[in-house]
Every structure is written in structure tokens, then in C-alpha cells.
Amino acid sequence: MGLGCAMLDDPEVISNIIKECRNTIPKQFSVSVKMRILNDDKKTVDLCRQFEHAGASFLSVHARTASQSTGDINRNVLKLIQESVRCPIVANGGLTSLNECDELALETGCKGVMVANSLLTNPMLFTGASKPTLNCVQKWINICYNSTVPMSSYSEVTEPKISSRPLNLNFHCFHHHLVFMLEKILPKYKRRVFNKLKEFDDVLAFLEAELLLKPQLYDVDTFRNSYNLTLDYKDTISVYTRLRDRNACNEAFVDESNEYNSEATDGSYFNKKLEQVNEDDVEEVYDWDSLYK
């Protein structure tokens, strides 16, 4: 669709977007660019200078090319970029621990470090923890649950529970994050079952039976301060369908409800997690049928 890394072939478009943003929003707000690198280090540096000149406050650089999904990042180009521009550079790519973040910042001189995939498995990575605690998992459950409670219904809640079709939450978002977070907490034979659950009730029953975790209602002040604002861009779907080849457009993706549908994406990164839990690799027999009775 000409989005994402494809835009690097037309840097003038990116520069114009930066200029429009910079000229539109108040000066106290930053305008940043998240980008990958080119095969040519010099051209990459020239791009970064161009974006800085257009008004970018800082640049987050994933130090891989568009064709690279894994493998070592180009640390040399990160250092070169940081030495060649005045705005701060945030380094990104392949980091799995706080120590690795510190080492990359020290080696390249970058002013910040960004982590993506590894934070799915361990949201506590920046604390130095090697895996999330149960309290971290509990916080995610609470965030999800409280987002489903209308302000008008807060005082009426007696037993926190996520309904089958809750407000402001879809199952895939709730479940996918838990799949990643529980990777280092559950043994493989339990993950094999958890990863295949399809309903809120089943997930909540599993969490309570296995980890003694269940949704908790925020106190009134926390609830008010964290209440969701309705800020969705209403024309998201119409823009998407105009950009994407209509013949290839999945009907589930253009549903008017704008609800996320896992079948409308390849889900490659998430599906890798499911494939790692092989059905044949069961460590012991477990009576899962009795869990939900």
C-alpha cells in the first residue's frame, strides 16, 4: 500500500508529513519518526538529516533493513547516525534484556533504547527482571477488566467478570498478551492448553485455577483516572479500504464494528508462539475437562 518501509523510497513524502505535523501541533509536543535503515549507510544518514531538518524532535531507528526480520542489527550505523545529527537517536532491534539495552546505548552513544517484541513476553524488561511476575499479569487483567466497566455502572459491580462481548475490549488483544506473558511462567503442557482457549470465561477460569488470578475492580479514584476516552479515528476502515486492493480485502477487516479479527492478519509473530508449543510434547496427563466444570 506504499506504507511503512516502502515510504523510505520516497523520503520527500516523509519530510512533508513531518513538516505538516510540526506546523500543526503546539511546539511543546514532540514529533518523532520510527524508521528502518537502508542498505547504504551514507544514504541512511542523509535520510536522518533530512528528517531532522524537516522538524523531527527525535528519531527511533530500527537498525535492520526492510528485508531483515531477524539477525544482528547494524550497530555501526546507529553510532554513525548519532554522531551525524543533533536530535536524539533511539536505538531499536533485537534486544531481550536490560543489560543488552545498556550495552547498546553505551556502544552507539544513542540517547535512548526501544524494545518491541521482547516486551510482549516480559513487560518488566526495563526493571531488569528476566520474566514477568504474577503481579504484572494481574495488572494486565485489571487493565482489561476495568476498561469494560461503564462509568455509570461502577457502583453496581458486585463480582468482577468480563462478559462474552465486553465494552472496549476484544478477546484477541486480551488473550494474545497473556500468551506471551505466560510463556516463562507456565510449563509447556499448560501453555499448550491455554494458548488454544477461545472464550473469556475459559481464560478467566484457567487463570483462577492455575495462578489464583482474577479480575479486580479499581478503587474509585484509580478508576476515574484510568477511564477510557473515546478517541478512535472514525474513518480508519474507509481509509484502509481505499489504500488496499479491494479485491484482496478481507470482509472481516472492513466490518463496521471495527473489531479486531485475527483472521484478517497473517499473525505470523503470534502464531510462532503457538507453534512452539507442540501437541506431542506433553509432559504429563492433566484433566482439563474438570477444570471448567
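The protein contains 12 helices and four strands, where helices (H or I, at least four residues) and strands (E, at least two) are DSSP runs numbered from the N terminus. The structure is a predicted model, in which local features need pLDDT of at least 70 and side-chain atom pairs count only at pLDDT 80 or more, while totals for chains, interfaces and linings use all residues. Residues are numbered from 1 along each chain as its sequence is written, and side-chain values use heavy atoms, with hydrogens and water left out.

Of the 293 residues in the protein, 37% are buried; buried means under 20% relative accessible area, exposed means over 50%, and partly exposed lies in between (1.4 Å probe, protein chains only). Among the contacts with a separation of 6 or more, 66% are between residues 24 or more positions apart, a contact being defined by heavy atoms within 4.5 Å.

The strands form an open sheet of four with the order E1-E2-E3-E4 and parallel pairing. Two strands are taken to pair if DSSP finds at least two bridges between them. The edges of the sheet are E1 and E4 (112–114), each of which pairs on one side only. On average, neighbouring strands of this sheet are turned by 25° against each other, direction ignored. In general, strands of a sheet pair through backbone hydrogen bonds, either parallel or antiparallel.

Strand E1 (residues 32–36) runs parallel to E2 and is joined to E2 by five bridges. Within this pair, Ser 32 has Phe 58 of E2 as its bridge partner, and Met 35 lies opposite Val 61 in E2. A crossover is right-handed if, with the strands pointing away from the viewer, the path from the first strand over the helix to the second runs clockwise. Strand E2 (residues 58–62) has four of its five residues buried, so this strand is largely enclosed by the rest of the structure.

On its other pairing, E2 is joined to strand E3 (residues 89–92) by four bridges, and the two run parallel. Ser 60 stands opposite Val 90 in E3, and Val 61 stands opposite Ala 91. From E2 the chain reaches E3 through helix H3 (residues 75–84), in a β-α-β crossover that is right-handed. In E3, Ile 89 and Ala 91 point one way while Val 90 and Asn 92 point the other way, and all are buried.

E3 also pairs with E4 in the parallel sense, over three bridges. In this pairing, Val 90 has Gly 112 of E4 as its bridge partner. The chain passes from E3 to E4 by way of helix H4 (residues 98–108), and this β-α-β crossover is right-handed.

Helix packing was examined for H6 (residues 134–147) and H7 (residues 171–181), which pack at an angle of about 175° with their axes 11 Å apart. Axes are lines fitted to C-alpha atoms, for helices over the stretch in contact, and angles run from 0 to 180 degrees between N-to-C directions. H6 and H7 are therefore roughly antiparallel to each other; angles under 35 degrees count as roughly parallel, over 145 as roughly antiparallel, 65 to 115 as roughly perpendicular and the rest as oblique. H6 contributes Cys 136, Val 137, Trp 140, Ile 141 and Cys 144 to the contact, and H7 contributes Cys 173, Phe 174, His 177, Leu 178 and Met 181. By class, nine of these residues are nonpolar, one is polar and none is charged. For this classification, Ala, Val, Leu, Ile, Met, Phe, Trp, Tyr, Cys and Pro count as nonpolar, Asp, Glu, Lys and Arg as charged, and the others, Gly among them, as polar.

The loop between H6 and H7 holds Asn 168, whose phi is near 65°, a positive value in a residue other than glycine. Asn 168 is partly exposed, with a relative accessible area of 45%. Residues up to four places away in sequence not counted, Asn 168 touches Ser 147 and Asn 228. Asn 168 and Pro 150 are 18 residues apart in sequence, and their C-alpha atoms are 9.6 Å apart in space.

A positive phi, near 60°, is also found for Leu 212, a residue other than glycine. Leu 212 is in the loop between helix H9 (200–211) and helix H10 (220–226). With 71% relative accessibility, Leu 212 counts as exposed.
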